[in-house]
Amino acid sequence: GGGGGGDLREMRARPLAGRRVDLHSFCNPSDFQRSPYLSARGNIANIFRGSAEEGYKAYHADKYDEDKNPNGIINFGTSENKLCFDLMSKRLTQTDMNLMEPPLLQYPDWKGHMFLREEVARFLTYYCKAPAPLKAENVIVLNGCGSLFSALATVLCDPGEAVLIATPFYGGITQSVFLYGNVKLVYAYLDSKITGTSTRPFQLTVEKLEKALQDAQAEGVTVRALILLNPQNPLGDIYSLSELRDYLEFAKRHELHVIVDEIYMLSVFDESATFHSVLGMDRLPDPQRTHVMWGISKDFAVSGIRFGTLYTENQDVANAVASLCYFHGVCGPVQHKVAQLLRDRGESAVLYWINQVYLRANHARLKAAHTYVTDELKTLGVPFLNRNAGFFVWIDFRKYLKTGTFEEEMLLWRRFLDNKVLLSCGKAFECSEPGWFRIIFADKTHRLQLGMQRIRKVLEEREQEILAEEKEQPCQSDQDGKADSTDEVIFVSRHQEPTCAGSSNLGDLIGLLQQQMRSSDWLQKNTAEQFA
């Protein structure tokens with residue numbers, strides 16, 4: 001999830017070496033007091049904690065509660081599904097969940113109890129549409145996908161080696177691969193401009209992967225693996241089968257392992273979008289180097305239950321990861337509960353519950369919440385990526401930055417936090433363009449409404465400040481800070497963009513009028529009753 005956004009990395013203008021994970025990537029050393037009680041490695045871990053989790057800590061100290069703390073912080077920063085507690089609490093407290101046999105209270109096979117691994121294999125065979133039954137022997141169970149990233153980085157790479165990943169990406173991966181394994185990340189930068197072979201903003205192409213790999217190799221960096229997020233966090237992209245095959249063929253050419261994170265696999269909430277799992281492909285280009293992750297925290301709205309699973313045909317990788325399972329095991333009673341949750345026995349009651357009750361309700365709720373938030377953004381005239389997977393919307397707030405810098409992005413992030421709403425800024429995802437933010441919409445209606453009101457207040461205040469500044473300065477047209485206007489990015493109007501006198505059109509005037517109506521209290525003061 002990553003509640004942060006307070007990531008103070010200053011890497012925008014540096015060469016490649018300065019943009020990979022190292023001590024200086026996470027803070028300004030002059031701002032950091034080295035602890036005499038910690039090792040060098042401990043001090044680095046302390047920096048991670050201090051910079052990346054500032055917003056998350058503020059939220060936990062001042063959580064919004066409708067009754068007890070109505071002025072507290074609303075969390076739109078942590079990627080959690082808060083829409084299905086009623087369904088999951090009912091399912092997890094049914095009698096079949098409550099079993100306490102001796103094997104559950106003893107040390108398990110570190111890869112996971114075989115009864116659970118068998119259920120995972122059946123579950124993934126069904127939902128990934130695997131062409132042949134998946135095998136329990138290829139399943140490993142750990143306490144969350146963060147632990148899986150850490151374990152895989154450690155067994156696939158030596159200290160100082162690197163993994164390739166496209167940005168923007170879920171920032172928690174940085175900690176997972178670096179803190180234990182001292183493995184670095186090499187970035188393939190995606191941006192909003194549609195150039196070359198791209199057909200949509202922030203599109204991952206093989207050309208971008210090739211360039212990032214070549215740049216790293218030119219600096220003497222050894223890259224061992226590629227990470228793919230599908231559906232992608234924070235963009236919400238779902239890769240087509242042809243795209244997946246292209247990425248996997250690229251990795252095979254360069255003998256790279258591919259770690260595919262499919263944690264949002266069942267959180268595709270619109271029937272117009274189709275998810276394709278790597279495990280559903282007829283033939284993997286390099287099955288011994290392809291490793292697929294999934295967990296229940298997102299798709300089943302239980303991020304507090306730490307459970308992640310790895311599927312790999314490579315038994316050397318499986319055994320090496322299993323050695324680290326000693327540190328990252330899942331307790332026996334929880335393994336039983338997860339197996340019951342995933343149980344797949346033809347037309348069994350539980351399978352019926354997952355498909356006909358849980359997924360149907362979850363997708364409807366996600367879609368309704370997504371529609372509410374995106375409708376609000378359209379009303380505000382704010383561009384965003386229109387996607388149908390995950391719990392988040394990738395939003396373009398660049399027009400609210402006067403100079404278009406990451407420092408200004410951080411100031412806007414803090415301003416949201418000061419107004420009691422936590423978002424994640426683009427820098428937390430290593431986005432190359434300042435001004436993009438991620439908002440989590442998988443929340444109850446009353447929190448969405450109040451949170452969007454607070455966001456609206458900040459944006460309208462910022463808009464007035466920019467307009468006031470522009471009156472004092474000659475008009476400058478800056479088209480570099482605008483995303484490409486395509487069907488993939490929703491643009492409502494351009495009325496908030498800087499315009500010179502005389503360049504207004506009808507759309508601009510209507511938009512300006514709508515904005516003034518929203519920011520004015522005229523409607524509140526002049527009610528129908530008063531006129532009567």
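Which residues are buried in α11? Gly332, Gln335, His336, Val338, Ala339, Gln340, Leu341 and Leu342 are. Buried means under 20% relative accessible area; exposed is over 50%, and partly exposed lies in between, with a 1.4 Å probe and protein chains only.

A word on the model. It is predicted: local features need pLDDT of at least 70, side-chain atom pairs count only at pLDDT 80 or more, and totals for chains, interfaces and linings use all residues. Residues are numbered from 1 along each chain as its sequence is written, and side-chain values use heavy atoms, with hydrogens and water left out.

Back to α11, residues 332-342. Eight of its eleven residues are buried, so this helix is largely enclosed by the rest of the structure.

Now the overall picture. The protein has 17 helices and 14 strands. These are DSSP runs numbered from the N terminus: helices are H or I with at least four residues, strands are E with at least two. Of the 532 residues, 54% count as buried. The accessible surface is about 23,600 Å², and carbon and sulfur atoms hold 52% of that. Areas come from the Shrake-Rupley method with a 1.4 Å probe. Take the contacts with a separation of 6 or more: 75% are between residues 24 or more positions apart. Contact means heavy atoms within 4.5 Å.

Here is one link along the chain. Glu101 sits in the loop between α4 (85-92) and α5 (114-127). Its C-alpha is 9.3 Å from that of Gly332, 231 residues away along the chain. Gly332 is one of the buried residues in α11. Glu101 is partly exposed, at 41% relative accessible area.

On to α5. This helix has 14 residues and spans 20 Å from first C-alpha to last, close to the 20 Å expected at 1.5 Å a residue. The expected span is 1.5 Å times one less than the number of residues. Its buried residues include Leu116, Val120, Phe123 and Leu124, but also Arg117 and Glu119. Just after α5, Lys129 takes a positive phi of about 55°.

Last, a helix pair. α3 (residues 54-61) and α13 (residues 406-418) pack at about 5°, axes 11 Å apart. That makes α3 roughly parallel to α13, a term for angles under 35 degrees. Axes are lines fitted to C-alpha atoms over the stretch in contact, and angles run from 0 to 180 degrees between N-to-C directions. Glu54, Gly55 and Ala58 of α3 meet Trp413, Arg414 and Leu417 of α13. By class, the contact has three nonpolar, one polar and two charged residues.

Methods:
Parallel < 35°, antiparallel > 145°, perpendicular 65-115°, else oblique. Nonpolar A, V, L, I, M, F, W, Y, C, P; charged D, E, K, R; others polar.
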